[in-house]
Amino acid sequence: MTESSPELTFPNVGPGPDPLSLTDLTEPVAPADPTTTDGAEPAHDAILLLLHRDHHAGQCRRQVRAVADRYEEFRDRGCQVVSVVPEPRDRVREWQERYDLPFPLCADPETTAGEAFDQPVRLGPVGRHFDLVGRMPAAVVLDIRDPAALEVVATYRGRSNMDRPEIDELLATVDRRT
(Lines give C-alpha, C1' and ligand atoms only; values in the text may rest on other atoms or scores of the structure.)
Protein backbone atom coordinates (compact mmCIF):
# COMPACT_ATOMS: atom_id res chain seq x y z
CA MET A 1 0.00 0.00 0.00
CA THR A 2 1.37 3.36 -0.95
CA GLU A 3 -0.46 6.62 -1.13
CA SER A 4 0.43 10.27 -0.93
CA SER A 5 0.17 11.99 2.43
CA PRO A 6 -1.76 15.24 2.85
CA GLU A 7 0.02 18.33 4.11
CA LEU A 8 -0.91 18.75 7.77
CA THR A 9 0.13 21.31 10.39
CA PHE A 10 -0.61 21.08 14.12
CA PRO A 11 0.13 22.90 17.37
CA ASN A 12 3.04 21.00 18.97
CA VAL A 13 3.56 20.96 22.74
CA GLY A 14 6.50 18.52 22.63
CA PRO A 15 10.01 18.85 21.19
CA GLY A 16 10.34 20.27 17.70
CA PRO A 17 8.82 23.16 15.81
CA ASP A 18 5.55 24.72 16.90
CA PRO A 19 3.42 24.59 14.87
CA LEU A 20 4.64 21.33 13.36
CA SER A 21 4.10 20.44 9.74
CA LEU A 22 4.90 16.91 8.63
CA THR A 23 7.02 18.39 5.84
CA ASP A 24 9.08 20.24 8.51
CA LEU A 25 10.49 16.82 9.37
CA THR A 26 11.85 16.38 5.83
CA GLU A 27 14.09 19.45 6.01
CA PRO A 28 17.79 18.69 5.59
CA VAL A 29 20.01 19.39 8.57
CA ALA A 30 23.61 20.51 8.58
CA PRO A 31 26.04 17.72 9.40
CA ALA A 32 27.26 17.46 12.98
CA ASP A 33 30.81 17.16 11.65
CA PRO A 34 31.20 19.08 8.36
CA THR A 35 34.59 17.44 7.76
CA THR A 36 32.99 14.02 7.24
CA THR A 37 30.26 14.88 4.74
CA ASP A 38 29.68 17.32 1.92
CA GLY A 39 26.34 18.80 2.85
CA ALA A 40 23.06 18.72 4.62
CA GLU A 41 21.09 15.48 4.73
CA PRO A 42 17.56 14.65 5.80
CA ALA A 43 17.30 14.08 9.53
CA HIS A 44 14.77 11.25 9.06
CA ASP A 45 13.74 8.60 6.56
CA ALA A 46 10.33 7.91 8.08
CA ILE A 47 7.63 9.22 10.39
CA LEU A 48 5.57 7.04 12.71
CA LEU A 49 2.34 8.94 13.21
CA LEU A 50 0.38 7.75 16.25
CA LEU A 51 -3.27 8.81 16.11
CA HIS A 52 -4.75 8.62 19.58
CA ARG A 53 -8.33 8.30 20.76
CA ASP A 54 -8.69 10.93 23.44
CA HIS A 55 -6.88 12.82 26.19
CA HIS A 56 -8.42 10.52 28.82
CA ALA A 57 -7.73 7.18 27.07
CA GLY A 58 -5.49 5.10 29.35
CA GLN A 59 -4.30 2.82 26.54
CA CYS A 60 -3.13 5.84 24.53
CA ARG A 61 -1.26 7.19 27.54
CA ARG A 62 0.42 3.80 28.04
CA GLN A 63 1.33 3.66 24.36
CA VAL A 64 3.11 7.04 24.33
CA ARG A 65 5.07 6.09 27.45
CA ALA A 66 6.07 2.74 25.92
CA VAL A 67 7.18 4.43 22.70
CA ALA A 68 9.10 7.04 24.74
CA ASP A 69 10.90 4.25 26.64
CA ARG A 70 12.11 2.82 23.31
CA TYR A 71 12.39 6.07 21.37
CA GLU A 72 16.11 5.65 20.67
CA GLU A 73 15.31 2.48 18.71
CA PHE A 74 13.07 4.52 16.41
CA ARG A 75 15.71 7.25 16.10
CA ASP A 76 18.39 4.66 15.28
CA ARG A 77 16.21 3.61 12.34
CA GLY A 78 15.86 7.18 11.07
CA CYS A 79 12.23 7.34 12.22
CA GLN A 80 10.65 10.37 13.86
CA VAL A 81 7.65 9.59 16.07
CA VAL A 82 4.79 12.11 16.13
CA SER A 83 1.78 11.64 18.43
CA VAL A 84 -1.49 13.36 17.58
CA VAL A 85 -4.27 13.72 20.16
CA PRO A 86 -7.73 14.89 19.02
CA GLU A 87 -7.93 17.52 21.74
CA PRO A 88 -7.16 21.23 22.27
CA ARG A 89 -3.58 22.32 22.98
CA ASP A 90 -4.09 22.81 26.75
CA ARG A 91 -5.28 19.25 27.25
CA VAL A 92 -2.48 17.80 25.15
CA ARG A 93 0.05 19.91 27.09
CA GLU A 94 -1.00 17.99 30.23
CA TRP A 95 0.40 14.81 28.65
CA GLN A 96 3.71 16.54 27.92
CA GLU A 97 3.95 17.99 31.43
CA ARG A 98 3.21 14.61 32.96
CA TYR A 99 5.23 12.30 30.67
CA ASP A 100 8.00 14.56 29.24
CA LEU A 101 7.84 12.84 25.86
CA PRO A 102 10.99 13.07 23.68
CA PHE A 103 9.02 13.42 20.41
CA PRO A 104 6.48 15.89 19.00
CA LEU A 105 3.08 15.78 20.67
CA CYS A 106 0.45 17.55 18.62
CA ALA A 107 -3.05 18.83 19.31
CA ASP A 108 -5.70 18.19 16.68
CA PRO A 109 -9.07 19.33 18.05
CA GLU A 110 -10.61 19.28 14.56
CA THR A 111 -9.47 15.62 14.02
CA THR A 112 -7.86 16.59 10.74
CA ALA A 113 -5.23 13.85 10.93
CA GLY A 114 -7.82 11.20 11.79
CA GLU A 115 -9.88 12.16 8.76
CA ALA A 116 -6.86 12.41 6.46
CA PHE A 117 -5.59 8.95 7.42
CA ASP A 118 -8.98 7.21 7.83
CA GLN A 119 -8.72 6.70 11.58
CA PRO A 120 -11.59 4.36 12.48
CA VAL A 121 -14.57 5.75 14.38
CA ARG A 122 -17.32 3.51 15.76
CA LEU A 123 -20.89 4.34 16.74
CA GLY A 124 -21.65 6.84 13.95
CA PRO A 125 -22.39 10.44 14.97
CA VAL A 126 -22.12 9.63 18.69
CA GLY A 127 -18.62 8.19 18.19
CA ARG A 128 -17.56 11.21 16.13
CA HIS A 129 -18.79 13.56 18.84
CA PHE A 130 -17.26 11.63 21.77
CA ASP A 131 -13.76 10.52 20.80
CA LEU A 132 -13.29 8.43 23.95
CA VAL A 133 -16.06 6.01 22.97
CA GLY A 134 -15.93 6.21 19.18
CA ARG A 135 -12.42 6.93 17.94
CA MET A 136 -10.08 3.95 17.61
CA PRO A 137 -6.26 4.12 17.68
CA ALA A 138 -4.23 4.14 14.47
CA ALA A 139 -0.55 4.10 13.50
CA VAL A 140 0.72 5.32 10.14
CA VAL A 141 4.25 4.94 8.78
CA LEU A 142 5.29 7.57 6.23
CA ASP A 143 8.35 7.28 4.00
CA ILE A 144 9.73 10.83 3.84
CA ARG A 145 12.92 10.30 1.85
CA ASP A 146 11.32 12.26 -1.00
CA PRO A 147 10.24 15.56 0.60
CA ALA A 148 8.11 16.39 -2.44
CA ALA A 149 5.94 13.29 -1.94
CA LEU A 150 5.44 11.97 1.58
CA GLU A 151 4.30 8.40 1.10
CA VAL A 152 2.10 6.28 3.37
CA VAL A 153 3.77 2.87 3.39
CA ALA A 154 1.93 1.14 6.25
CA THR A 155 -1.21 1.76 8.29
CA TYR A 156 -2.55 -0.01 11.36
CA ARG A 157 -6.15 0.83 12.21
CA GLY A 158 -7.46 -0.45 15.53
CA ARG A 159 -10.84 -2.16 15.74
CA SER A 160 -11.20 -1.59 19.49
CA ASN A 161 -9.66 0.69 22.10
CA MET A 162 -7.17 -2.09 23.00
CA ASP A 163 -6.28 -2.93 19.38
CA ARG A 164 -2.95 -1.30 18.67
CA PRO A 165 0.39 -2.63 17.47
CA GLU A 166 3.12 -3.65 19.89
CA ILE A 167 6.32 -1.57 19.87
CA ASP A 168 8.30 -4.44 18.30
CA GLU A 169 5.73 -4.63 15.51
CA LEU A 170 6.04 -0.89 14.86
CA LEU A 171 9.84 -1.13 14.75
CA ALA A 172 9.66 -4.11 12.36
CA THR A 173 7.27 -2.17 10.13
CA VAL A 174 9.69 0.76 9.98
CA ASP A 175 12.52 -1.67 9.15
CA ARG A 176 10.53 -3.31 6.31
CA ARG A 177 9.09 -0.18 4.79
CA THR A 178 11.96 2.28 4.72
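Tutor: Gladly. Buried stands for a relative accessible area under 20%, exposed for over 50%, and partly exposed for what lies in between, with a 1.4 Å probe and protein chains only. This is a predicted model, in which local features need pLDDT of at least 70 and side-chain atom pairs count only at pLDDT 80 or more, while totals for chains, interfaces and linings use all residues. Residues are numbered from 1 along each chain as its sequence is written, and side-chain values use heavy atoms, with hydrogens and water left out.

Student: What makes Asp-100 count as exposed?

Tutor: Its relative accessibility is 61%, so Asp-100 counts as exposed, the cut-off being over 50%. Asp-100 sits in the loop between α3 and β8 (105-107). Its phi is near 50 degrees, a positive value in a residue other than glycine.

Student: Is Thr-111 buried or exposed, and how do you know?

Tutor: Thr-111 has 12% relative accessibility and therefore counts as buried, as that value is under 20%. It lies in the loop between β8 and α4 (112-116), and its phi, near 55 degrees, is a positive value in a residue other than glycine.

Student: Why is α1 called oblique to α3?

Tutor: Two packed helices are described by the angle between their axes and the distance between the axes. The axes of α1 (residues 58-69) and α3 (residues 89-99) come within 12 Å and cross at roughly 45 degrees. That makes α1 oblique to α3. Angles under 35 degrees count as roughly parallel, over 145 as roughly antiparallel, 65 to 115 as roughly perpendicular, and the rest as oblique. The crossing is right-handed.

Student: Which residues make that contact?

Tutor: Cys-60, Arg-61, Val-64 and Arg-65 of α1 meet Trp-95, Arg-98 and Tyr-99 of α3, where contact means heavy atoms within 4.5 Å.

Student: What makes Ile-167 buried, and which residues does it touch?

Tutor: Ile-167 is called buried because its relative accessible area is 11%, which falls under 20%. It is found in helix α7 (residues 167-177). Not counting residues up to four places away in sequence, Ile-167 touches Ala-66, Val-67, Arg-70 and Phe-74. The C-alpha atoms of Ile-167 and Ala-66 are separated by 7.4 Å, though the two are 101 residues apart along the chain.

Student: And why is Pro-165 called buried?

Tutor: Its relative accessible area is 8%, so Pro-165 is buried by the under 20% rule. Pro-165 has its place in the loop between β10 (151-157) and α7. Leaving aside neighbours within four places in sequence, Pro-165 is in contact with Gln-63, Ala-139, Tyr-156 and Leu-170. Pro-165 and Ala-138 are 27 residues apart in sequence and 8.7 Å apart in space, C-alpha to C-alpha.

Student: What joins Asp-18 and Pro-19?

Tutor: A cis peptide bond joins them, with omega about 0 degrees. Pro-19 is in the loop between β2 (9-10) and β3 (20-21).

Technical notes
Axes fitted to C-alpha atoms, helices over the stretch in contact; angles between N-to-C directions. Helix = DSSP H or I, 4+ residues; strand = E, 2+ residues; numbered from the N terminus. Left-handed = near helix turned anticlockwise from the far one by under 90°.
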